[in-house]
Amino acid sequence: MRDLLMIPGPVDVDADVLQAMSGPVPGHLDAGFIATFGRALKRLREVSLAPGAQPFVVSGSGTLAMELAVANLIEPGDRALVVNTGYFSDRMAHILERHGAKVTHVRAASVGSAPEVAQVEAELRSGGFKLMTVTHVDTSTAVLAPVEPLVKAARQYGVLAVVDGVCATAGEAFQQDAWGADVYLTASQKAVGVPPGLALLTVSPRALAAWKARKAPVASVYADWAEWLPVMEAYEAGKPAYFATPPTSLVCALDVSLGQILAEGMEARFERHRRMARAFRAAWSALGLRLVPTSEAVAANTLSAVYYPDGVDATLVGRVKAQGVAIAGGLHPEIKTRYFRVGHMNRVSAGDVLVTVGAIERALHAAGHRAFAPGTAVAAAQSALSG
C-alpha cells in the first residue's frame, strides 16, 4: 500500500489523468493528438482566467517556465524588480541576472512575511523598471503574496508583471486578464494535477509586444518564444507543427486534468483549497504549533509550513511517513532544519486532511510533544471542515 502523498509537489494525481498516459504513446503529428493539444491550450487559458493571453506548453520544469518568461522579456541592462518572499524569489533573481538584468529586491521584513505593497509601489514610482516579478506562493515558506494589488501597481507604472504561479495556479485565486498580469507561469506537478514535466505559461498581448520589440536576440534557443509560438498557434488551429518533440503522453494527461479543473469551476476550486487550508490551520493551532507565515493574511492555501515544537526535530518527517503519510522537510536555507511542509492542493479531500492530521498527531506524540490531548487536532480539523 502506497503512502498518502502530502508533499508540496509532485501531488497525488487523479486516476483518469493517469489513465490518459497509460495507452500507446501518440505521435506529435497524429490528428487525435493535435486536437488534444489544441484543446489543452484553450483550457490553460481558461484556468488562468486569461481569455486574451497566448498559452505555451513546453517540456520542462517550473524553473524552465521561469526562464521562458525572463529570457524573452529581459535584455542586458534592463532593470527588474523582484518582490522577494523566499527561496524561489531568489531563484527568479538569479535567472534575471543570468540574462543580464539589473535586479532590485524588495524583501520581506523577515522569513515568513511578504513585502508591503506600499514598499513595492515606492520602488515602482522611482521609475526605470522594465519588469516586476512576484512569487504567488513561495513553496519554501508557504507565503502567499498580495498579487492583485502588486500586479495592478506594476500596470499603473508601465512595468511588465510576471507572476510565478508554480505553487498556486489552479489552487489560489488569480485572474490574469482582470488584474493585468503579463505572464502567469506554472508547472504541471502541483495544483494543476499532472505528473512533473511540463512548463506552462499564459502570456499577455502586452508582453508579446515587448518581446517583439526587443533589440537583442533571445540568448537561449530552447526558451525563445519565436521557436514555440508558431507551434502553439498551429496546434490550437488544429494543424501540425514542429520545433521540438512535445511530451505527448503528458499533454494528454494535462488536457484531462485541465478539463477536470474547469468542470469543478475556478471559484469552487479556489474555495475548496481555502477550506482545506482552514482545516489544517485549525489543526496546527490545536497542536500548539506555529506557522512560518507570520499572519493568516500571508498564509497560502496550497501548502502549510510549520515550525517543529520544542524538543522535536526533522526526524518527525520520517515518523509521519511511518504512519503512511509523506510530508516534506524544510527548504528555506535560513530555517531549513526548523520546520516541515505539508502540501494540500489539487485533489486533496477532507478525508486526506484528517488522515494527515492524525498521522502528524501520532508522530508528534511519539516524538515527545504532548501538549495536547490525543484526537484534539483531528477534532479541530473536522470542525473546520464542517463549518
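This report covers aromatic ring pairs, an annotated lysine and the cysteines in a predicted model.

**Aromatic pairs**

A pair of aromatic rings is described by the distance of the centres and the angle of the planes. Searching the whole structure gives 13 aromatic pairs. One of them joins Trp-211 and Trp-225 in an edge-to-face arrangement, with 5.8 Å centre to centre and 65 degrees between the planes. Trp-211 belongs to helix H8 (residues 205-212) and Trp-225 to helix H9 (residues 225-236), so this pair ties together parts that are 14 residues apart in sequence. Trp-211 and Trp-225 are both buried.

Tyr-222 and Trp-228 make another edge-to-face pair, with 5.4 Å centre to centre and 90 degrees between the planes.

| Aromatic pair | Centre to centre | Angle between planes | Arrangement |
|---|---|---|---|
| Trp-211 and Trp-225 | 5.8 Å | 65 degrees | edge-to-face |
| Tyr-222 and Trp-228 | 5.4 Å | 90 degrees | edge-to-face |

Elsewhere, ring pairs connect Phe-280, Trp-284, Tyr-308 and Phe-340 as a cluster. An aromatic ring also takes part in a contact of another kind: Arg-79 lies over the face of Phe-129, at 4.1 Å from the ring centre.

UniProt, in an unreviewed entry, lists Lys-190 under "modified residue: N6-(pyridoxal phosphate)lysine". In the model, Lys-190 sits in the loop between strand S9 (183-187) and strand S10 (198-203). Although placed in a loop, Lys-190 is buried, at 7% relative accessibility.

Which residues does Lys-190 touch, leaving aside those up to four places away in sequence? The contacts are Pro-8, Gly-9, Val-11, Thr-139, Val-166, Cys-167, Met-345 and Asn-346.

**Cysteines**

One of the residues touched by Lys-190 is Cys-167. Cys-167 is itself buried, with a relative accessible area of 1%. Cys-252 also counts as buried, at 15% relative accessibility. A disulfide requires two cysteine sulfur atoms within 2.5 Å, and the structure holds zero disulfides.

Key. Residues numbered from 1 in each chain as written. Predicted model: local features only at pLDDT ≥ 70, side-chain atom pairs only at ≥ 80, totals over all residues. Heavy atoms only, no water. Phe/Tyr/Trp six-rings, centres within 6.5 Å; stacked < 30°, edge-to-face > 60°. Helix = DSSP H or I, 4+ residues; strand = E, 2+ residues; numbered from the N terminus. Buried < 20%, exposed > 50% of the residue type's maximum accessible area, 1.4 Å probe, protein only. Lys NZ or Arg CZ within 6 Å of the ring centre and 35° of its normal. UniProt positions renumbered as here; feature names shortened; annotations may be inferred. Contact = heavy atoms within 4.5 Å.
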